[in-house]
Structure formats: C-alpha cells, structure tokens
Amino acid sequence: MAKNLLKRKISKKKIDDLLIFLQRYITFADQGYNVKFDKEIGALTGNQISMGIREMVLDKAEKKGVEKATISFILSLWETGNYTVSQIASLLKVSEEFVQNTIASK
C-alpha cells in the first residue's frame, strides 16, 4: 500500500501518518498477523511513536495556543517601539521572517 501511495506522489509524511493510524486501530484475529503488521509499519515509518487521535488533537491545540501567544507578544513588543525585528526574533527564538510577517499581517 505504501509503495502504491508513493507512486501516486502522496507525500511521505501523509503516508507515514496513515500507516501509524492503521497500526493503532487495526487488529487481526491472529496475533501473529498483528506482530508482523506492527513490525512492517514500524519499518516503513522509521519506528515513529504512534499518537492517538485525542493526543494529536491536543498537541495541535497546544501548538496553536503557543503560536497565538507568540504573535500577541511580538505585536506588543513591536508596538512599544523599543525593539527591532532582530531583537524580537532573538528574544522569542523565532525567525526574523516570522516576526516580519506577523507585523505585516497586523
């Protein structure tokens, strides 16, 4: 299946995510098949740790919250007039391009 998806030019990340999802939610009646399936999926995905749907949603929500807080802080620092784009980027450990784009989209 993975090889077929690669032929169709589906990104490796999407294929890995799909395989991890399948590994997490498919079980076979014969335990031997489950072990073999898990080994194959592990080999194809580089043994990435699978994440449940709930964990994935929480992770994305957390990242979104951090990004919103970072954007708010960038704008606050910029509006004081005391910091350059370079200083803000350095303080927040983000790229200068991210700071510039945030300011421009204000």
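Read along the sequence, the chain runs α-α-α-α-α-α. That comes to six helices and zero strands, where helices (H or I, at least four residues) and strands (E, at least two) are DSSP runs numbered from the N terminus. Keep in mind that this is a predicted model, where local features need pLDDT of at least 70, side-chain atom pairs count only at pLDDT 80 or more, and totals for chains, interfaces and linings use all residues. Residues are numbered from 1 along each chain as its sequence is written, and side-chain values use heavy atoms, with hydrogens and water left out.

Now for the chain as a whole. Its accessible surface is about 8,300 Å², with 57% of that belonging to carbon and sulfur atoms; such areas come from the Shrake-Rupley method with a 1.4 Å probe, and for residues only the protein chains shown count as cover. Of the 106 residues, 21% count as buried. Here buried means under 20% relative accessible area, exposed means over 50%, and partly exposed is in between (1.4 Å probe, protein chains only). Among contacts (heavy atoms within 4.5 Å) with a separation of 6 or more, 45% come from residues 24 or more positions apart.

Let's look at a residue in helix α4 (residues 53-80), threonine 70. Threonine 70 has a relative accessible area of 19%, so it counts as buried. Setting aside neighbours within four places in sequence, threonine 70 touches Leu92, Val94 and Phe98.

Over in helix α2 (residues 12-25) sits phenylalanine 21. With a relative accessible area of 40%, phenylalanine 21 is partly exposed.
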